[in-house]
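Thank you all for coming; please take a moment to look at the model before I start talking.

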Amino acid sequence: MRTKLFAGVAFAALVIPAAAMAQSTASQEFNEGSEVVVTGRADRTIGGVDLPNQPKAQVVLDSEIIQRQRPGQTINDVINLVPGVSFQNNDPYGSSGGGFRIRGFDSSRISQTLDGIPLNDSGNYAIYTNQQVDSEIIDNVSVNLGATDVDSPTASAVGGTVNLRTRVPGDELGAMFTASYGEYDYHRVFGMIDTGDITGMGTKAFASASWVSYDNPFNNYGRVKKQQYNARIYQDLGGNGDFVSIAGHYNQARNNFFGSGPLRADEGRTTGTGSGNRFPTSFGEASYDVPACSTDTPQAGAVDAPNSCATDYDRRYNPSNTGNIRGTSRFTLADGLTLTVDPSYQYTKANGGGTVVGSESGRTVAGQTFYGFSGNSYYFGRDLNGDGDTLDTVRLLAPSQTQTNRYMVISNLVYQINDAHRVRLSYTYDRARHRQTGETGYLYSNGEPFDVFPINDPITDVDGNVVQKRDRKSYAILNQVSGQYRGEFLENNLVLDLGLRVPFFKRDLNQNCFTTAANGNVDCISSDNAAAYAAANPGYAAPRSRDYKYNRALPNVGLTYNFTPQASIFASYAKGLSVPGTDTLYSALYFDEGVEGADPAPETTDSFDLGLRYRSGIVTAQLGGYYIKFKNRIATAFDAELGESVSRNIGKVNRYGFDGSISVQPIREITAYVFGSYLNSEIQDDLQTGASTFLATAGKQESGMSKWSFGGRLQGTLGPIELGAQVKYTGPRFINDINEPLVQTVNGVANTEVFPAKVDGYTLVDLDARFSLEKLGLEKTFFQLNVSNLFNEFYVGYISGSSGNTSVPFVQFGAPRAVSGSVVIAF
């Protein structure tokens, strides 16, 4: 039966109170009174899908559907079942990242939060989907399509929010254990224990740990390894809903780059990851045997050349250590007046990139010798390979390194004027220290790095200075105030929501390198020689600091009107602000203050939503249309060679479309869910690329997004067996903003087409099956089988896109079929 199943499966949500879906504690408090965001209601949630009755288009997936997916799968893959969401997983198990969009917005324009704290990078605002919490501890995830909450602590999100809520510890002592095995030598174990009420006064806690390891699906070299730890302690403060909670999370991931290739299909080229290769047409062609390698023995007095060992793209490491501490609390100050305070701290240490050639000599400029990173090369002025001379060039590891320390507090005062009216005032403080460097490290003779984090023991030059390709530090500081009023009229059938968010954002930049060009290229020379280097290169921008400030009043308003207890209409308007990321701002340091190009403009949006919603015990449905108007649309593309994102401003863009879904449960044993989306995007102007040169982007569709996507899920129960099948079609996508085929010079012939203007659409089918052991007396124990990409369809994964059609983009291969089985034991 469905009720028993929920109790067993969702031990991950052990007998917890109904959880709200909004972003912060105050958003939960503010909205719950109107039955706007409460889940777990038998007459509202069907098959784990809920459509809260609120002004924004929102879909909530609870643990019932989350736990049907492969255990440990990234939550971003799960919400690919939400209309308007598009996610391309880099591997079948979710620990290698992936590409993510909502209504065409990429991850840097989407606010993803965990218990209210933002998970986006504080520099480029990206979401790293392989660093999300284990799915077993997620109670629910809510997706706001196209608009943020009024108290969202974000500098960039104009394209909606993804809010993850972790489970509240159970009231009774309990434990859960999961063991999984699958293709590509996939092994995963997960364990969780609940203390129950340990004081008799509502003090309860849980702790969990997981470990996963599997082979790279595309080569014979890489292996993904990840370990994660989570805990939460929760204290009730009386019976009025007041509480204090502290949660912690730590994730350590080690994986290699893989499954990427140049998007060109001209004949005569072999498949592979190099710029001279072509894109594969099948998973067979996508498989790549990384050759073993060893280095030559250095010889004193000889000019030793760098070897090619470890230069393969698939050998590049992408390690990360991330963690956070999250506090949430609610206090009743007086009758109708509550205070919520949500403090947090986050830490990130991560890098990505490949190998370089380092020179044991120096670089001579204007008759003077310099050491460091200059002219896109590394100069050390000392012996690097231990042969006693300084004649050689040596292969070294040189990733782009990031370390972040981020402190935040979100506080709200909520006042219930009466049963029909309430107001709140919010203040947010967010301070992130964002340190970006590019140290080098040594490699063993087999090409493996001494340490995947060269920052731990960086190589220095002859004078003891660290040689690195970048050296910059920024502080992202947000002070934000917001207010909201919610009122119910016409016998509570009309709900009016009026909000205003006013962010005061400051980016304090400190560039310690010379900026050599408007694209942000740098030379990094030690401070001792900076004056001489500046004199030798008068056209370069010397190391400098600069502050950027972006302030804007952002209205966020909406309404719902109930025609009947089941049917309603909703509408909303939100103005959005997206502050330029660090790469864009650092590039602007090339220009002196007051000069054109020195002050990048922020992206702004006006988003309008209008829709219908129907909710009953058998059917829930939602259909909504939207219109989004952009100014200074900033698009981002990942450069595989640099290991960094590159931005471009494509000006004014208009985007419109609709999203819809229907969930049906005709009988308790069967649920069906279908969804679909349409998106049309139109760039308004040609893109200027020079003083008198333009790209013909006007009237064209933005690259990387599909017009049509649709799918569904069917789930049924037959005794102890439960079966589920889900499908999603993603339509064709343009690979550039001028919507033209990719052209190159081939065999001396210019403008030879090497790839069509679009990649093909694709359809993915997943299956899940569960066999309960309840009849054997093991009420919460079951075996689960998951199959992803059942028909092993080969497809092009995430496309970040580009402006023109002459630059070959690198894109991910789609994830191949994988079968895994899991045993879940709980008591």
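Let me begin with a question: is aspartate 134 buried or exposed? What you are looking at is a predicted model, and in this model aspartate 134 is buried, because its relative accessible area is 3% and the cut-off for buried is under 20%. The side chain of aspartate 134 forms a salt bridge with that of arginine 188, at 3.4 Å from N to O. This pair links distant parts of the chain, since aspartate 134 sits in the loop between strand E7 (117-118) and strand E8 (138-145), while arginine 188 belongs to strand E11 (residues 186-194), 54 residues apart. Arginine 188 is buried as well, with a relative accessible area of 4%.

That pair is one of 26 salt bridges found in a search of the whole structure. Another one joins the side chains of arginine 330 and aspartate 242, at 2.4 Å from N to O. Here too distant parts of the chain are linked, with arginine 330 in strand E16 (residues 320-334) and aspartate 242 in the loop between strand E13 (223-236) and strand E14 (243-254), 88 residues apart. Both of these residues, arginine 330 and aspartate 242, are buried. If you then look at aspartate 266, you will find its side chain in a salt bridge with arginine 264, at 2.9 Å from N to O, and both aspartate 266 and arginine 264 are buried.

From the charged pairs I turn to the nonpolar residues. The largest nonpolar core holds 46 residues, and the members that touch the most others are Leu61, Ile79 and Phe100. There is also a second, separate core of 17 residues, with Phe218, Phe279, Ile735 and Phe794 among them.

Next, some strands. Strand E33 (residues 603-615) runs antiparallel to strand E32 (residues 567-578), and twelve bridges join the two; within that pairing, isoleucine 569 has leucine 612 in E33 as its bridge partner. E33 is also joined by twelve bridges to strand E34 (residues 619-631), again in an antiparallel arrangement, and tyrosine 614 stands opposite alanine 621 in E34. How many residues lie between E33 and E34 in their hairpin? There are three residues between them.

Finally, the cysteines, where a search of the whole structure finds two disulfides. In one of them cysteine 293 is joined to cysteine 309, with an S to S distance of 2.0 Å, and because the torsion about the S-S bond is about 50°, this disulfide is right-handed. Cysteine 293 and cysteine 309 both lie in the loop between helix H5 (283-286) and E16, 16 residues apart, and cysteine 309 is buried, with a relative accessible area of 4%.

The other disulfide is formed by cysteine 513 and cysteine 524, whose sulfur atoms are 2.0 Å apart, and with 100° about the S-S bond this link is right-handed. Cysteine 513 is in the loop between strand E27 (494-511) and strand E28 (514-515), whereas cysteine 524 is in strand E29 (residues 522-525), eleven residues apart. Cysteine 513 counts as buried because its relative accessibility is 0%, and cysteine 524 is buried at 8%. Counting bonded cysteines along the chain, the disulfides follow the pattern 1-2, 3-4.

Key
Residues are numbered from 1 along each chain as its sequence is written. This is a predicted model: local features need pLDDT of at least 70, side-chain atom pairs count only at pLDDT 80 or more; totals for chains, interfaces and linings use all residues. Side-chain values use heavy atoms; hydrogens and water are left out. A nonpolar core is a set of buried Ala, Val, Leu, Ile, Met, Phe, Trp, Tyr and Cys residues joined through side-chain atoms within 4.5 Å. Buried means under 20% relative accessible area, exposed over 50%, partly exposed in between (1.4 Å probe, protein chains only). A salt bridge is a side-chain nitrogen of Lys or Arg within 4 Å of a carboxyl oxygen of Asp or Glu. Helices (H or I, at least four residues) and strands (E, at least two) are DSSP runs, numbered from the N terminus. Two strands pair if DSSP finds at least two bridges between them. A disulfide is a pair of cysteine sulfur atoms within 2.5 Å.
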